[in-house]
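This note is written for a colleague who is new to the structure shown below. It sets out points to check against the sequence and the model.

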Amino acid sequence: RCPDLCECSEAAKTVKCVNRNLTAVPSDLPPYVRNLFITGNRLSRLPAGAFPAQRLPDLSALNLSGNHLRTVEAGALAALPALRQLDLSGNPLVSLSPQAFGEDGSPLEELALRGALRDPGVLLSVAAMLQSGALRNLSHLELADNGLLLLPSSMFTALLALWQLDLGNSSLVGLRNVSFHGLGQLQSLNLSDNSLGMLRNGTLPQFRGLPALRRVGLGHNTWVCDCTAEDLVAWLRESDQVEGKETLTCAYPDKMLGKGLLKINGSDLNCSMPVDLPSQLQTSYVFLGIVLALIGAIFLLVLYLNRKGIKKWMHNIRDACRDHMEGYHYRYEINADPRLTNLSSNSDV
């Protein structure tokens, strides 16, 4: 029996529930299904036991893309013993439990999360799930079209069977904390259409140490062509791993804009002129001294030009102070002489 609002083909072992405004996974899916498409619906959450236990023993490909999914709870995908392919792309995920596949993990081989990790919190959950070894059989991982910026450290170290990793168009600005150690099966790595300015801090030696790596995509990044790019240029010239390396161009500085990375030399990178920090500090101190001396000279000049006015002002202050002190002195003499005190009293009378 085929569920309502779905299309079934027993011969192809396929069930399609596409754009039917479903709010939950149909509970009466036929047990013969191997390929299940539940896409373009309104499944906001995938609860534990969303797929009936032992009812779908042959389900190997599950597509849940574009369903407005926000939450995937623990155990939601645990009762699928034959699951090999899972597509959660195009869902605004906020929470993806590291235990979504149960305590014993999953035989999953392909996972697509294209455009589903735009929330920073869910990225950490995915990293925890990958590091736990729950998906130790994963060979394809697609994380493209996400605003990742930076990746959690050691995110991929437990994926020993991984041979294709797609990080394209993910706004990556660096790979400072990312470790590719242990990915001995990795053959394809896509880093194109990001905001990478340089590759350093051990990244290039890691690429050299991956024996199976044959294709690295680096196109459409904002490469900075200064002295920090020296190692990158040397690696591009000696390596055959980079796909389309002849098309890689500089984005900064302005004088290098559009120039191919393979066409630049040491003089273009300004690597022959080491930066002497003490001399720069000494120059800064000399400049500061000159500025202070100039300010002092201007102040003295202003004083000189207004010397008459300043002298008159000081005389006025002196006279005022003298008059004030004479008044105090007169009062003191009156108070000190009894005769003057009586005279003052009689005058008042």
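This is a predicted model: local features need pLDDT of at least 70, side-chain atom pairs count only at pLDDT 80 or more; totals for chains, interfaces and linings use all residues.

1. The model contains an open sheet of 11 strands with mixed pairing. Read across the sheet, the order is β1-β2-β3-β5-β7-β9-β10-β11-β12-β13-β15. The edges are held by β1 (7-9) and β15 (242-243); each has a single partner strand, so one side of each is left without a neighbour in the sheet.

2. Strand β11, which covers residues 164-166, pairs with strand β12, which covers residues 188-190. Their pairing is parallel and runs over 3 bridges. Within this pair, D166 of the model stands opposite N190 in β12.

3. The largest pocket. The largest pocket holds about 240 Å³ of space. It is lined by 17 residues, of which Q85, L86, D87, E110 and A112 are the closest to its centre. Which elements give two or more residues to this lining? They are β3 (35-39), β5 (61-63), β7 (85-87), β9 (110-112), β10 (140-142) and β11. By class, the lining of the largest pocket comprises 8 nonpolar, 4 polar and 5 charged residues.

4. The second largest pocket. For the second largest pocket the volume is about 170 Å³. Its lining consists of 11 residues, and the closest to the centre are V173, G174, L175, R176 and M198. Divided by class, the residues of this lining are 5 nonpolar, 4 polar and 2 charged.

5. The disulfides as a set. How many disulfides does the structure hold? There are 3. In general terms, a disulfide is a covalent bond between the sulfur atoms of two cysteines. When the bonded cysteines of the chain are numbered in sequence order, the pairing reads 1-3, 2-4, 5-6.

6. C2 and C8. A disulfide joins C2 to C8, with an S to S distance of 2.0 Å. The torsion about this S-S bond is about 80 degrees, so the disulfide of C2 and C8 is right-handed. C2 is partly exposed, at a relative accessible area of 27%, and C8 is likewise partly exposed, at 29%.

7. C6 and C17. The sulfur atoms of C6 and C17 are 2.0 Å apart and form a disulfide. This link is right-handed, with 105 degrees about the S-S bond. C6 lies in the segment before β1, whereas C17 lies in strand β2 (residues 14-18); the pair therefore ties together parts that are 11 residues apart in sequence. Are these cysteines buried or exposed? C6 is buried, with a relative accessible area of 12%, and C17 counts as buried at 0% relative accessibility.

8. C225 and C250. C225 and C250 also form a disulfide, and their sulfur atoms are 1.9 Å apart. The torsion about the S-S bond is about -90 degrees, so the disulfide of C225 and C250 is left-handed. The pair links distant parts of the chain, 25 residues apart: C225 is in the loop between β14 (223-224) and α3 (230-238), and C250 is in strand β16 (residues 250-252). C225 counts as buried at 2% relative accessibility, as does C250 at 3%. A further cysteine, C227, counts as partly exposed at 37% relative accessibility.

9. The two sides of α3. In α3, the residues L232, V233, W235 and L236 are buried. Seen down the axis of α3, its buried residues fall within an arc of 160 degrees, so they line one face of the helix. On the other side of α3, D231 and E238 are exposed.

10. A loop residue. Where does G182 lie? G182 is in the loop between β11 and β12. At 47% relative accessibility, G182 counts as partly exposed. G182 and L210 are 28 residues apart in sequence, and their C-alpha atoms are 8.2 Å apart in space.

How values were computed
Residues are numbered from 1 along each chain as its sequence is written. Side-chain values use heavy atoms; hydrogens and water are left out. Two strands pair if DSSP finds at least two bridges between them. Helices (H or I, at least four residues) and strands (E, at least two) are DSSP runs, numbered from the N terminus. On a 1 Å grid over the protein atoms alone, a cavity is a set of points where a 1.4 Å probe fits but cannot get out, and a pocket is an open set with protein on both sides within 12 Å along at least five of seven lines; lining residues have an atom within 4 Å of a point. Grid points are joined across faces, edges and corners, and a volume is the space filled by probe spheres set on the points. Ala, Val, Leu, Ile, Met, Phe, Trp, Tyr, Cys and Pro count as nonpolar, Asp, Glu, Lys and Arg as charged, and the others, Gly among them, as polar. A disulfide is a pair of cysteine sulfur atoms within 2.5 Å. Buried means under 20% relative accessible area, exposed over 50%, partly exposed in between (1.4 Å probe, protein chains only). The arc is that of the directions from the helix axis to the C-beta atoms.
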